[in-house]
Amino acid sequence: MSSGSFESLSHENRKFPPAQSFSKNAHISSLEQYSKLYAESEKNPDAFWKAQSENLKWSKPFKTILEWDEPFAKWFDGGELNASVQCLDKHKGTSVWNKTALIWEGENEDKKSLTYSELSQLTNRTASALKTLGVKKGDIVTIYMPLVPEVIAAMLACARLGAAHSVVFAGFSSQALRDRINDSQSQTVITADGVSRKGKILDLKSEVDRALQNSPTVKRVVVLKRAENTVNMTVGRDFWWHEIVPKAAECEPVACQSEDLLFTLYTSGTTGKPKGIMHSTAGYCLWTQLSTKWVFDIKAEDIYWCTADVGWVTGHSYVVYGPLQLGATVFLYEGAPNYPDWGRFWKMIQNYKITILYTAPTAIRAFMGQGEDIPNKYNLSSLRLLGSVGEPINPEAWLWYNRVIGKEKCPIVDTWWQTETGGIMISPLPGATTTKPGSCTLPLPGIFPAVVSKEGRSSKPNEGGYLIITRPWPSMARGIWGDPERFKQTYWSEHKGVYFAGDGARQDQDGYFWVMGRIDDVINVSGHRLGTAEIESALVSHEAVVEAAVVGRPDALKGQSVVAFVTVEKSWKDRADDKMIQELKSHVSKEIGALARPDEIRFTDSLPKTRSGKIMRRLLKEIATNGVAIGDTTTLEDAKVLEALSNED
Ligand code: WT7
């Protein structure tokens, strides 16, 4: 693990105007109020969490607040509740019940909207249909669907039955889907016949069929008709959604224990295949609800749009569980941001009078690149709050977002968190925090992050170090599915007794956090996390490839791009040409999904290694970025390798 690049990434010498567009009447409406709440959470955590826990609807009260057997937490043990009740039934008898829950628009401008009562009915029927098929408490249900209202009903239906969902982003390949199904031993898959993207149909059902050739645990597949795509249905295994869901009855929620598994979600790590991060019921529901209330400051009249797909944790926490628990109106768009043109987002914001927009820096940079004339054609005056997530937002993109989209009147919340944290950890609060472009500012009440050196010493102001979280929090990951040792090893062994996030950061003189990105072998491409090891093993699985090393190169649009160094088998050497590069790129898409497709592949006779045989990724990173390696090469085994790789003119 290297920490060499901390300082070079800091923005400390740059001066920006403070942006102080505070939200009036925010839930937390002053710095004093925030500081008071934060201090309470620090001094008397039990009282703090007990008071917050009243935001959940319990069917049986809990006995203890936290039982901590590092690194395994039990929050609100002894309590019983159901996550779908928090999102739906809880609103019965209130003004939320007949309010719009979901407003959906498809790429071809087809539209649909559902009230909370309608979403509840759809969820109940879906749960009932799944139950009839044999889904029960404790199962894991894999969901591989486009972003349509039914995917939300499917997630909540699982929760209603006490079954965990494992949502797999529909952009992943059949191989990636198969790996996730097999790792979780899932018996049920919910999918769609297809999804239309930029006029082309992506055949989701065929991907599922391919995956299931090697997924023996799966007994049943539910298929939503979405794209009028002709698909094969396997008798006895495959069921059409429209044949089983509409006629199904109501379904009582199953009483779940606080710590019952709500979902697993696969995410990339430094080694091996993606790991199934586990989240449990009570703590996750509580924290997604609280953080949504504090950070997005949702009010009854808001039209809230988080642009993430439900295939990622952002979609889980801030499309589904957070906003629905608060009775918000959630906007959903199933399509590409540039279809039919780059005005699509702004047109929808204008048409639906969207008030809160939560998106990723990579999208902001892409819009920036198209020029401000495009957003300027639309009326964006409904917007009152903007959010950013997925990677550090560079100050230029922040300033553009603030000026061109927010018209300098919308607070920007730059939210730092991870799949493992379940919800937002560090973020400005729109009524309280003075923002600095590029900083995610201060931790939410109840969250205790810090920056430390490799040895665990607290970093000085502006000194780069490792981002850690020093106390347990309700929505923390409960483990890695099937691999508790890996959970300990990955997050809890770097620094004793604290959670290690895998990011580098610094805190400035005001205590503001500046996250600099991953310091491990995880790369962040367009806000999506990819393990270099995962892409390397995809490359090596091609018959021509002997060895591969993958590194991230800074990319103005995507944050990082994927560069692969590849050595090929002797007999393939004279075929190592452009055609082979294309073939290898497609091979990675097939193995993982288009999001992992390398941007560049370079052939090399050998890879730079240490004397102990470790690939020196740092050098390759420098070569990919600067053309030459400038760092320390004293541990390199064969200097000639570097000469051959460098393209110093
Ligand atoms: C990694 C987590 C959190 C949901 C989306 C990604 C990076 C995320 C920020 C931010 C700087 C950020 C970190 C983190 N990251 N948000 N606001 N500022 N970096 O979830 O796939 O689990 O990735 O994304 O490197 O570790 P994820």
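Select Arg384 to begin: with a relative accessible area of 23%, Arg384 is partly exposed. Keep in mind along the way that this is a predicted model.

**Stop 1: a salt bridge across the chain**

Asp297 and Arg384 form a salt bridge, with N and O 3.5 Å apart. Asp297 sits in the loop between α9 (281-296) and β16 (303-306), and Arg384 in the loop between α13 and β19, so this pair ties together parts that are 87 residues apart in sequence. Asp297 has a relative accessibility of 0% and therefore counts as buried. How many salt bridges does the structure hold? There are 37.

**Stop 2: helix α14 and what follows**

Next, select α14 (395-405). Eight of its eleven residues are buried, so the helix is mostly covered, as buried here means under 20% relative accessible area. The buried residues of α14 are Pro395, Ala397, Trp398, Trp400, Tyr401, Asn402, Val404 and Ile405. To see what lies over them, colour α11, β18 (356-359), α12 (361-369), α13 (373-376), β19 (385-388) and β20, which are included in the cover.

Step on to Lys407, which follows α14 and has a positive phi, near 50 degrees. Then pick Glu408, where phi is also positive, near 60 degrees, in a residue other than glycine. Such spots are worth a look because most residues other than glycine have a negative phi. Glu408 lies in the loop between α14 and β20 (412-414). Is Glu408 buried or exposed? Glu408 is exposed, at a relative accessible area of 53%.

**Stop 3**

Move to Phe76, another non-glycine residue with a positive phi, near 60 degrees. Phe76 is placed in strand β2 and is buried, its relative accessible area being 0%.

Stay in this part of the chain and zoom in on Glu70 and Pro71. The peptide bond from Glu70 to Pro71 is cis, and its omega is near 0 degrees. Pro71 belongs to the loop between β1 (64-69) and β2 (72-77). Pro340 is in the loop between β17 (329-334) and α11 (344-352).

**Stop 4: Thr188 in strand β8**

Select Thr188, in strand β8 (residues 188-192). Thr188 is buried, at 0% relative accessibility. Leaving aside residues up to four places away in sequence, Thr188 touches Val135, Ile140, Val141, Thr142 and Arg220.

**Stop 5: the ligand**

Which residues are closest to the ligand? They are Asp414, Thr415, Thr419, Asp503 and Arg529, out of 17 residues that surround it. By type, the shell divides into six nonpolar, six polar and five charged residues. Highlight α10 (313-325) and β25 (513-518), each of which supplies at least two residues of the shell.

Then check these distances one by one:

- From a nitrogen atom of the ligand to a backbone N or O atom of Thr415: 2.7 Å.
- From an oxygen atom of the ligand to an N or O atom in the side chain of Gln418: 2.9 Å.
- From an oxygen atom of the ligand to a polar side-chain atom of Arg529: 2.8 Å.

Taken alone, the ligand exposes 550 Å², and the protein buries 96% of that area.

Arg518 is in strand β25 and Asp503 in strand β24 (residues 499-507), so to speak a link between distant parts of the chain, 15 residues apart. Asp503 is buried, with a relative accessibility of 6%.

**Stop 6**

Finish with Arg618 and Glu622, a salt bridge whose closest N and O atoms are 3.7 Å apart. Both residues lie in helix α18 (residues 617-626), four residues apart, which is about one turn of the helix. Arg618 is partly exposed at 33%, whereas Glu622 is buried at 15%.

Notes:
Residues numbered from 1 in each chain as written. Predicted model: local features only at pLDDT ≥ 70, side-chain atom pairs only at ≥ 80, totals over all residues. Heavy atoms only, no water. Buried < 20%, exposed > 50% of the residue type's maximum accessible area, 1.4 Å probe, protein only. Contact = heavy atoms within 4.5 Å. Near = heavy atom within 4 Å. Polar contact = N/O pair within 3.5 Å; in protein donor to acceptor, adjacent residues only side chain to side chain. Areas by Shrake-Rupley, 256 points an atom, 1.4 Å probe, with all protein chains shown as cover. Nonpolar A, V, L, I, M, F, W, Y, C, P; charged D, E, K, R; others polar. Salt bridge = Lys/Arg side-chain N within 4 Å of Asp/Glu carboxyl O.
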